[in-house]
Amino acid sequence: MMRAAIVGPLTEVEYESSVERHAHCMEALRDRFLEEVSTKEMLAIADEAQIAGWGLKEVRQAIDALVTERARLAGADTCD
């Protein structure tokens, strides 16, 4: 079992795997910081996705990278 503190009220949660921990952490970051990503940045991701033929996984990774950056700028713990 792994333990991790999640952004927001610090509560410990037990995870079966590091993948499960990371997924839950990113969900919490998205809930808190997605609104900090501008429409312009989202449109840039959409344009790049269309040009490069990205799938949903690549789009989510690009959005998660922006969300993580916003969390870092706000001084929050990230999912690294």
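The protein has three helices and two strands. Helices (H or I, at least four residues) and strands (E, at least two) are DSSP runs, numbered from the N terminus. Read from the N terminus, the order of elements is β-β-α-α-α. This is a predicted model, in which local features need pLDDT of at least 70 and side-chain atom pairs count only at pLDDT 80 or more, while totals for chains, interfaces and linings use all residues. Residues are numbered from 1 along each chain as its sequence is written, and side-chain values use heavy atoms, with hydrogens and water left out.

**Overall burial and contacts**

- The protein has 80 residues, and 29% of them count as buried. Buried means under 20% relative accessible area, exposed over 50%, and partly exposed in between (1.4 Å probe, protein chains only).
- Contact means heavy atoms within 4.5 Å. Among contacts with a separation of 6 or more, 47% come from residues 24 or more positions apart.

**The disulfide**

- A search of the whole structure gives one disulfide. The term covers a pair of cysteine sulfur atoms within 2.5 Å.
- C25 and C79 form the bond, with an S to S distance of 2.0 Å. The pair links distant parts of the chain, 54 residues apart: C25 lies in helix α1 (residues 18-33), and C79 lies in the segment after α3 (56-73).
- The torsion about the S-S bond of C25 and C79 is about -95 degrees, so this disulfide is left-handed.
- Both C25 and C79 are buried.

- The expected span of a helix is 1.5 Å times one less than its number of residues.
- α1 has 16 residues and should span 22 Å at 1.5 Å a residue; its end C-alpha atoms are 22 Å apart, which agrees.
- α2 has 14 residues. From first C-alpha to last, α2 reaches 20 Å, close to the expected 20 Å.
- α3 has 18 residues. Its first and last C-alpha atoms are 26 Å apart, close to the 26 Å expected.

**Packing of α1 on α3**

- Two packed helices are described by the angle between their axes and the distance between the axes. Here, axes are lines fitted to C-alpha atoms, for helices over the stretch in contact, and angles run from 0 to 180 degrees between N-to-C directions.
- α1 and α3 pack at about 70 degrees, with their axes 9 Å apart. They are therefore roughly perpendicular to each other. Angles under 35 degrees count as roughly parallel, over 145 as roughly antiparallel, 65 to 115 as roughly perpendicular and the rest as oblique.
- α1 contributes M26, L29, R30 and F33 to the contact, and α3 contributes R60, D64, V67, T68, R70 and A71.
- The crossing of α1 past α3 is left-handed. That label applies if the near helix is turned anticlockwise from the far one by less than a right angle, and right-handed applies if clockwise.
- The buried residues of α1 are R21, C25, M26, A28, L29, R30 and F33.

**R30 in α1**

- R30 sits in helix α1. Its relative accessibility is 19%, so R30 counts as buried.
- R30 touches R60, D64 and V67, not counting residues up to four places away in sequence.
- R30 and D64 are 34 residues apart along the chain, and their C-alpha atoms are separated by 7.4 Å.

**Packing of α2 on α3**

- The axes of α2 and α3 come within 10 Å and cross at roughly 155 degrees. The two helices are therefore roughly antiparallel to each other.
- E41, M42, I45 and A49 of α2 make the contact with V59, A62, I63, L66 and R70 of α3.
- α2 passes α3 in a right-handed crossing.
- In α3, the buried residues are A62, I63, D64, V67, T68, R70 and A71. These pack against α1 and α2 (39-52).
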